[in-house]
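This report describes a structure with several chains.

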Amino acid sequence: MEEALNLDMIGAGLIIIGAGFGLGKIGSAAMEGIARQPEAAGKIQTAMIIIAALLEGVAFAALFAV
Amino acid sequence: MQKKNVAKFLLACLLMFVSFNSQAFSVKEPQEGGDAKVNTEEEISEYIDHHLADSHYVNFFSDGETGAHYGFSLPVILWDNGLKVFSSGKFHHGEDLAVIDGQHYRLYHSKIYKTDAEGTITYGENGFPANERPLDFSITKNVLYMLVVSLLMLLVFGGLAKQYKNRSVPKGSGRVLEPLVLYVRDEIAKPNIGKNYRKYTGFLLTVFFFIWILNLLGMTPLGVNVTGNIAVTMALALITFFIVQFSGNKDYWKHIFWMPGVPWPMKIVLAPIEVLGMFTKPFALMIRLFANMTAGHVIIMTLLGLIVVFQNWIAGPAFFGFTIFISIIELLVAFLQAYIFTLLSALYIGMAVEEHDHHHPADNEDIPVL
Amino acid sequence: MEKLVNDFSFGLFFWQIIILVVLIILLKKFAWKPILDALNAREQGIQDALDAAENARKEMQNLQADNEKLLQEARLERDSMIKEARQIKDKMIAEAKEDAQREGEKMIQQAKATIQTEKNAALADIKNQVATLSVQIAEKVIREELSSKAKQEKLVEDMLDDVTLN
């Protein structure tokens, strides 16, 4: 029980690292995009939120599977 | 000047419900020799679990010292060889067994189990009670709040609808609601669904406001956690799933079972993936909303619990400040999750009703899977 | 995950489905349909008003253009009329001049002819008078010359002298 729990925790940590990395990439790309084309900020923001939500969904699904 | 006032008002509201939330703990402030209060990590953890779970009572707060609960009981409806209806007051907050038609029922961790006369709970291998559970159709706290929100929505939006009969521009609360309706229609339904958006706007608007209001209610000291319940989000996602499947046109099904524009071995490989995608989309919707709301509640309650755990002049204000900070973020998340759920529902519906061109450019398939 | 499955409440799920479906149907019928209809009607109204304004503006523009055109036409017409009038005037003047000249010439011609006739008549008259006078003078001279015998003879003599017999 104790051993399995630890592995679970490591898995959860890995998920968070991956998700954090992904979110960071999404955010940076979106910022770059907005900086390059400020007039498209609204569209970029929407797309960013959608992708972030998708990533979040996967991360949460994995977290709860753990 | 006005902006300042609004900010002041919002801050006051925030302080009010944060303090109310903390009140739930503060009534159990530990005293010398007191042992029936929530002041250890385990007790706080259990308290949070209890808050997250559905309940057969509406409890505003409980006095840990006297064991008194301030709230009211809700009806219990069981299907166990016939319909059984009684008040949850019979359980006395899990302290007593309810005996209905010679059958003993026990309320254990917010769930009803069938037990023997002593109320024995046997545990299975996975650490959960193995006792048989009757089908529980009780009007629980969550059901009650859903009903309240539904009624509120009917009243508010019905009222808004009535206003339009006499004038073309609403007044009062309609001034606030109309832009929200327009926002859902113009930012969520129209761009994602396309020309048939009108058919689905009703569903999207309902879901959006339903989730949003319930999320915001979760921020109040009423102890609501409806959207942070997997059964609720599953129902929401399931309705989206059925709407998507039933509105799918020929192109949609063709894209699932026989993907055009790829060589035939790929078609065979892609079909099961696409079928799986059909189910993972609503599954992700369900998990996302549930997990976000649960996580928000856990974070806020944990931070408040930390005040109780540390009990000193430095940690108290610090965690209080953290709680306010997280509460503000949660206010944003409450809207964001409602928006995301609605937006993705609209996106999936849009994918199902989309009229494809007969030639398939490569960028036609860049639709997210989840 | 196990906890999630264990926590899943079928009752709540059941109620949520019922409440949500009923809520969607009721709100669709009593709220969203009238609200969206009203919003659409309002937007349509605004659009129509804008279109009407645009149309009016265009019409105004057309009208203005028409006016401009009419004015231009009128101006052109006036110009052409003035030109025509000037031409007519010139023509009339020219004609009148010509007429006058012709008439004048004719009159001069007539006068000349008259003068000629008068002159001829006068000349003839003078000739007649001269002839008559000459005859009278000649008569008197002759009468004088031939009044004496000597003179008659002298004359004959002179004449005979002039005539040389060659």
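Helices (H or I, at least four residues) and strands (E, at least two) are DSSP runs, numbered from the N terminus. With that in hand, B:Val58 is found in strand 1 of chain B, which covers residues 57-63. The model is a predicted one.

**A buried residue in a strand**

B:Val58 is buried, with a relative accessible area of 1%. Leaving out residues up to four places away in sequence, B:Val58 touches B:Tyr70, B:Gly71, B:Phe72, B:Leu74, B:Lys141, B:Leu144 and B:Tyr145. Between B:Val58 and B:Ala231 there are 173 residues of separation in sequence and 19 Å in space, C-alpha to C-alpha.

**The contact of chain C and chain B**

Chain C gives 36 residues to this contact and chain B gives 51 residues. The two chains bury about 3900 Å² between them, with 75% of that area on carbon and sulfur atoms. Of the area that chain C buries against chain B, 17% is supplied by C:Leu12, C:Trp32 and C:Arg42, more than by any other three residues.

There are three salt bridges between chain C and chain B, and ten residue pairs are in polar contact across their interface, both residues of each pair being at pLDDT 80 or more. On the side of chain C that touches chain B, the elements giving two or more residues are helix 1 (2-7) and helix 2 (10-145) of chain C. Helix 2 of chain C provides the largest share, 29 residues. By residue type, this side of chain C divides into 23 nonpolar, five polar and eight charged residues.

**The contact of chain B and chain A**

Here chain B contributes 15 residues and chain A contributes eleven residues. The area buried between chain B and chain A is about 1100 Å², and carbon and sulfur atoms give 83% of it. The count of salt bridges between these two chains is zero, while two residue pairs are in polar contact across the interface, both at pLDDT 80 or more.

Two or more residues on the side of chain B that touches chain A come from each of helix 8 (264-310) and helix 9 (315-353) of chain B. Helix 9 of chain B gives the largest share, seven residues. The residues on this side of chain B are twelve nonpolar, two polar and one charged.

**Salt bridges**

Side chains of opposite charge can pair when their charged atoms come close. Over all chains, the count comes to eleven salt bridges. Some of these pairs are listed below.

| Pair | N to O distance |
|---|---|
| C:Asp37 and B:Arg198 | 2.8 Å |
| C:Arg42 and B:Glu178 | 2.8 Å |
| C:Asp99 and C:Arg102 | 3.3 Å |
| C:Lys154 and C:Asp158 | 3.6 Å |

Why does the pair of C:Arg42 and B:Glu178 join two chains? C:Arg42 lies in helix 2 of chain C and B:Glu178 lies in helix 4 (residues 174-193) of chain B, so the pair joins two chains. Both C:Arg42 and B:Glu178 are buried.

The pair of C:Asp99 and C:Arg102 sits within one helix: the two residues are three residues apart in helix 2 of chain C, and therefore separated by about one helical turn. C:Asp99 is partly exposed, with a relative accessible area of 43%, and C:Arg102 also counts as partly exposed, at 47% relative accessibility.

C:Lys154 and C:Asp158 are four residues apart in helix 3 (residues 149-162) of chain C, so about one helical turn separates them. C:Asp158 counts as partly exposed, at 36% relative accessibility.

Salt bridges also form a network, which links B:Arg185, B:Asp186, B:Lys190 and C:Glu43.

**A loop residue with positive phi**

Most residues other than glycine have a negative phi. B:Gln311, a residue other than glycine, has a positive phi near 50 degrees. Where is B:Gln311 found? B:Gln311 is in the loop between helix 8 and helix 9 of chain B. With a relative accessible area of 48%, B:Gln311 is partly exposed.

Methods
Residues numbered from 1 in each chain as written. Chains lettered and ligands numbered in written order. Predicted model: local features only at pLDDT ≥ 70, side-chain atom pairs only at ≥ 80, totals over all residues. Heavy atoms only, no water. Contact = heavy atoms within 4.5 Å. Buried area = accessible area lost by both parts, 1.4 Å probe. Salt bridge = Lys/Arg side-chain N within 4 Å of Asp/Glu carboxyl O. Polar contact = N/O pair within 3.5 Å; in protein donor to acceptor, adjacent residues only side chain to side chain. Nonpolar A, V, L, I, M, F, W, Y, C, P; charged D, E, K, R; others polar. Buried < 20%, exposed > 50% of the residue type's maximum accessible area, 1.4 Å probe, protein only.
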